[in-house]
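I opened a new notebook page for this structure. My entries below follow the order in which I looked things up.

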Amino acid sequence: MRFFKALTFIMLMGLVSVSMTGCDASKIIDVISKVAEGVQKAIPAVKEVINTVSNALPQNTDTATNNNTATTNNEQAANNNANVTITSAGDDEDVGNTTTTNNVTANTTNSTSTAQQARIASSIRSLLGSTSFRGADVDGGNLACAKVVSTALKNAGVLSRVQLNCDAVVSDLRAVGWQRVNVPPYQEGDVVTWTTSRGPGRHIGIIVKQGNTFQAISNSSSERTPRVHSINYMPITQVLRKV
Amino acid sequence: MRKATVTLMAIFMFAFAGPAFCNWEIPFGQEKTQVGITAPVHAEDMPVGPGSYRAHGSDIWVLDSVKGRVLCFGADNKISQEVAFPALGKDFILTDFALQLGENGEVKAVATIDMRAKEIVVAGLDGKEIRRIKAGNMMQLDEIDIDRNGQVYVGDYAAASIAVFSADGTALRNIPWQASGFAVDSSNNLHMLSYAEGSGHALVTIGADGKEVARHEIGMAEMQNPRIWAVKDSGECLVSMVPPSGDPSKQKLMLFSADGKAAGSADFSNPYYINRYIAASKDNVWLVKADYLKAPGEPVKFDSLSLAK
């Protein structure tokens with residue numbers, strides 16, 4: 001009985017320690033092992049308790065290992081996904097078309113889209129730092145994201161008009177064959193929308209590449225000019241690409 | 001006897017486990033001990049909270065972007081240092097900060113960048129201005145680090161370069177950069193990443209004089225968005241990358257030895273609205289765990305990342 005009381009007390013203290021330390025299992029197990037070893041040497045009388053604690057340690061380690069395995073499995077599952085997959089974002093998308101496309105067509109399409117992506121990226125880069133998006137139509141630069149993106153797309157020859165809201169830009173892109181894709185991997189020239197506190201797809205930008213770093217250019221409301229920033233600075237709603 | 005032993009063990013567990021792993025919780029609010037948060041006001045609807053976090057020893061340092069200051073929280077979660085940046089302009093935008101270390105590794109100054117004013121401000125721990133550098137020719141001021149001699153490095157995503165300023169504020173040079181992070185080591189070397197089609201990524205070390213002193217290929221061409229967060233005295237570098245497929249917010253944090261060998265890794269999901277969210281001290285790596293959209297309801301917390309081999 002005394003033994004069980006003691007064991008319960010140790011486990012409770014262990015739990016308290018875990019809660020105080022941010023639940024870093026491996027480090028906590030390290031500490032517990034060190035303490036157990038020290039006491040084992042000093043007081044043979046508590047060998048029984050220490051053995052019990054030692055017996056408990058492999059179980060914890062197993063749990064940690066299992067967690068790691070689960071993570072690895074998730075990674076593998078993710079890696080098994082196709083690099084770029086057309087998803088069913090809307091009723092107008094035809095997923096089946098990608099599987100029937102022959103290689104020659106695909107290659108031609110790829111080189112065409114690569115050239116187009118480069119044009120788009122170059123076009124949006126040319127707007128960096130611009131003060132041209134501060135008119136009354138965009139609330140002095142506060143609501144200029146759609147105008148910035150559609151201007152860049154128009155200048156790159158992708159769209160034929162400038163739009164003032166994100167949904168309209170996305171709609172125009174879909175009308176010329178752009179579709180939602182899974183990311184990563186990212187590609188230069190992708191159009192990205194973000195979820196803001198007002199809802200999904202309320203902010204829009206274009207992905208650019210520097211080395212192997214993919215960032216986005218979008219209008220900054222606070223600075224009232226387009227700027228480069230991390231793609232992941234807000235939750236991504238969707239990424240559109242000419243497939 | 002057993003009771004005494006068990007008590008002793010419990011005390012040991014507390015003594016070892018408590019101070020060894022810090023458990024910071026940083027609340028939002030108006031009080032001096034709280035960090036500022038601004039609810040989304042612009043069309044982007046991005047909340048503004050602390051933009052950058054750095055760890056040093058058993059302390060976490062926080063850039064309080066709203067209140068224009070840096071706070072240091074000790075292992076006991078109490079504020080041990082506050083540095084208010086002097087004479088910031090109207091509507092300042094503080095995106096990053098850096099700690100200038102002294103000869104013995106102690107923090108002796110802090111530096112920040114004001115994106116709106118295009119200024120770099122270096123202040124002593126007493127809050128007195130040491131240096132103010134005008135960087136009007138830069139397009140954006142996104143990341144900053146400072147070496148032990150006071151030489152300042154500022155990354156510009158738009159210009160894809162790092163601007164280097166001497167301790168007296170003189171513009172020295174621009175280093176081409178792929179917007180993939182950088183860090184300064186205790187020997188005043190700059191560490192950055194370089195990517196080339198075919199060979200993949202490389203760790204590049206540049207001396208304080210601007211000359212390249214080392215380059216180690218690490219490959220991993222399939223990984224995107226590399227960012228170097230910190231470099232240890234041993235030369236080990238902490239680098240995050242986005243795997244070729246999966247959830248866009250999922251990243252892999254990797255430790256590379258000084259010669260570019262992978263020495264450990266951990267998976268993590270990045271928080272939003274924060275520029276610098278990985279904080280590394282000599283022995284620990286912390287991931288900022290915060291959702292600024294839920295502020296001030298939920299404080300900033302930190303997850304310890306173990307880099308498994």
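This is a predicted model: local features need pLDDT of at least 70, side-chain atom pairs count only at pLDDT 80 or more; totals for chains, interfaces and linings use all residues.

Residues are numbered from 1 along each chain as its sequence is written, and chains are lettered from A and ligands numbered from 1 in the order in which they are written.

**Entry: Gly129(A)**

Is Gly129(A) buried or exposed? I counted 12 other C-beta atoms within 10 Å, so Gly129(A) is exposed. I found Gly129(A) in the loop between helix H5 (103-125) and H6 of chain A; helices (H or I, at least four residues) and strands (E, at least two) are DSSP runs, numbered from the N terminus. Leaving aside neighbours within four places in sequence, Gly129(A) is in contact with Thr225(A) and Met139(B), contact meaning that the C-beta atoms, placed from the backbone, lie within 7 Å. I also looked up Gly140(A), 11 residues along the chain from Gly129(A): their C-alpha atoms are separated by 15 Å.

**Entry: chain A overall**

I listed 7 helices and 6 strands in chain A. Along the sequence they follow the pattern α-α-α-α-α-α-α-β-β-β-β-β-β. Of the 243 residues of chain A, 36% count as buried.

**Entry: helix H7 of chain A**

Which residues of helix H7 (residues 166-175) of chain A are buried? They are Cys166(A), Val169(A), Val170(A) and Leu173(A). Seen down the axis of H7(A), these fall within an arc of 95 degrees, so they line one face of the helix; the arc is that of the directions from the helix axis to the C-beta atoms. An α-helix has 3.6 residues a turn, so residues three or four places apart point the same way. On the face turned away from the buried side of H7(A) I found the exposed residues Ser171(A) and Ala175(A). The cover over the buried residues of H7(A) includes helix H6 (145-155) and strands E1 (178-181) and E3 (199-210) of chain A. After H7(A) comes Gly177(A), with a positive phi near 95 degrees.

I then checked H7(A) against H6(A): their axes come within 8 Å and cross at roughly 25 degrees. Axes are lines fitted to C-alpha atoms, for helices over the stretch in contact, and angles run from 0 to 180 degrees between N-to-C directions. H6(A) and H7(A) are therefore roughly parallel to each other, as angles under 35 degrees count as roughly parallel. In this contact, H6(A) supplies Cys145(A), Ala146(A), Val149(A) and Ser150(A), and H7(A) supplies Cys166(A), Ala168(A) and Val169(A).

**Entry: strand E1 of chain B**

How many residues of strand E1 (residues 52-56) of chain B are buried? I found 4 of the 5 buried, so E1(B) is largely enclosed by the rest of the structure. E1(B) pairs with strand E2 (residues 59-64) of chain B in the antiparallel sense over 5 bridges; two strands pair if DSSP finds at least two bridges between them. Opposite Tyr53(B) stands Val62(B) in E2(B). The hairpin of E1(B) and E2(B) has 2 residues between the strands, and Gly57(B) there takes a positive phi near 60 degrees.

Note on methods
A residue is buried if 20 or more other C-beta atoms lie within 10 Å of its own, exposed if 12 or fewer, and partly exposed in between; C-beta atoms are placed from the backbone. Two residues are in contact if their C-beta atoms, placed from the backbone, lie within 7 Å. Angles under 35 degrees count as roughly parallel, over 145 as roughly antiparallel, 65 to 115 as roughly perpendicular and the rest as oblique.
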